[in-house]
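Please read it alongside the model.

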Amino acid sequence: MNIKITSIDRQWVNVPFKERHARHLTRENPDWGVFEILRVHSDAGLVGYGETMVYYTWGRVPQEQCDRVIGHSPFEFLWDDKLGCGLQMALFDLAGKAAGVPIYKLLGTKVRDWCPVSWWTNCMSLDDWKAEMREAVSLGYMSAKLKARPWRDFVGDVEALAGIVPDDFRFDADFNSFLRDVSTATPVLRELELNPKVNLFETPIPQYDVEGNVELRRKISRPIAMHYGSPPIQTAIEARVCDGFVVSGGSMAVRRQSELAAQFNKPFFLQLVGTGLTTALMNHWGAVASHATWPAISCNEIYTDDLIMERLEPHQGYMRVPEAPGLGVEVDEEAIVRYAVKEGFAPEPPRNLYKVSWACGQQVIYPQGHRGAWVDFELGNQPLFHKGVRLDIVPDDGSPEWADLRRRCDIAPVRLS
């Protein structure tokens, strides 16, 4: 227990996406496969591991924080979120190994051995979404969080997906505010509520719209989930804007959020995004957080490799909490070497354009990235969630016509006549 930190290794890796996610997730997030792996070495010969999802994290690891912990015990810093994601995770892993206990024993009192977990997928074509659901069921998942996007016929897609999963499989729909306002959201959500496999709605309209969210809750029967902190938690509780929360962030943030949610009897799901290392940490939190009863999200199934030696297997929608010391998983060092990249690496986005088509015949071409369809729909420039709307990939075919279309899209969305 007198263990001291002697050195810290930092290595960036680029973990490949599975084929369907390489096709669709890269439209908005081509860099989600880039991680920094931290190895925290000690004078006891123990090593703590952590990972930071570099381009999507609650906190990167500043070098001054690494310098700060050298020569000290990991127990001094466990609850300091200034450490950044990967370093804090590695210190918890090292501390657990030093104490000979799994991380959950450092976090609180265990309330469950099995934690509810959910499949995660970005918006995809219906055929690819069907393949996703078949894979999810085959691997033991019983719920999926789907990204609801206004350039797809989400109601129709969910109805089709419901026909290929077990009767007790559930869907959570994350709208990222794309339903915009109460009048737009109400008919869409009421239609989705007719499907018994639809479980909850995450952020259907902007979270800052307190009055709108209160009114929307009165109009629908499914629970609404909001990211904790927006609007401020006092407002969220007093105005009753939602039924539960999305909890994420560093360990002190997760601790505070989960404790307050419990005091007000609000369920939540943990959202700690990464590979098998982050999934293990998420389950340790799920073991001690009494109100983490909604299926948690780690997104680890979007990758071809989870960076650990033995896969964390869900069974009928639940994942067993690791019992070995620290994170309770063995890191695959060969995988870290295999996927190693230089610090600062950012993958090239695909050379694609994206065509949104409506049943009326209207078509609009967008460039890759959030500045494409995302911004145009978010601004209210296009109709939302129409029946029959679809998005298709238009890959670079090397033609002058494609190059000209790309040039025009870089200026503004191109409406085809």
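Q316 sits in the loop between strand 12 (314–315) and strand 13 (318–320). The model is predicted. Q316 has a positive phi of about 50°, although it is not a glycine. Its relative accessibility is 69%, so Q316 counts as exposed.

R180 is another non-glycine residue with a positive phi, here about 70°. R180 is partly exposed, with a relative accessible area of 30%.

| Residue | Phi | Loop between |
|---|---|---|
| R180 | about 70° | strand 7 (170–174) and helix 7 (182–193) |
| Q316 | about 50° | strand 12 (314–315) and strand 13 (318–320) |

The backbone also holds a cis peptide bond, from S230 to P231, with omega near 0°. P231 belongs to the loop between strand 9 (224–227) and helix 9 (233–239).

Next, the core. The largest nonpolar core has 127 residues, and F154, F171 and F175 touch the most other members. Helix 3 (residues 85–99) gives the largest share of this core, eight residues. A second, separate core has six residues, including L353, I365, L405 and C409. Leaving out residues up to four places away in sequence, F175 touches, among others, A148, R149, F154, L189 and F385.

F154 also takes part in a helix contact. The axes of helix 5 (residues 126–138) and helix 6 (residues 154–162) come within 10 Å and cross at roughly 40°. The two helices are therefore oblique to each other. Their crossing is right-handed. Helix 5 contributes L126, W129, K130 and M133; helix 6 contributes F154, D157, A160 and L161. Of these contact residues, six are nonpolar, two are charged and none is polar.

Notes:
Residues numbered from 1 in each chain as written. Predicted model: local features only at pLDDT ≥ 70, side-chain atom pairs only at ≥ 80, totals over all residues. Heavy atoms only, no water. Core = buried A, V, L, I, M, F, W, Y, C linked by side-chain atoms within 4.5 Å. Buried < 20%, exposed > 50% of the residue type's maximum accessible area, 1.4 Å probe, protein only. Helix = DSSP H or I, 4+ residues; strand = E, 2+ residues; numbered from the N terminus. Contact = heavy atoms within 4.5 Å. Axes fitted to C-alpha atoms, helices over the stretch in contact; angles between N-to-C directions. Parallel < 35°, antiparallel > 145°, perpendicular 65-115°, else oblique. Left-handed = near helix turned anticlockwise from the far one by under 90°. Nonpolar A, V, L, I, M, F, W, Y, C, P; charged D, E, K, R; others polar.
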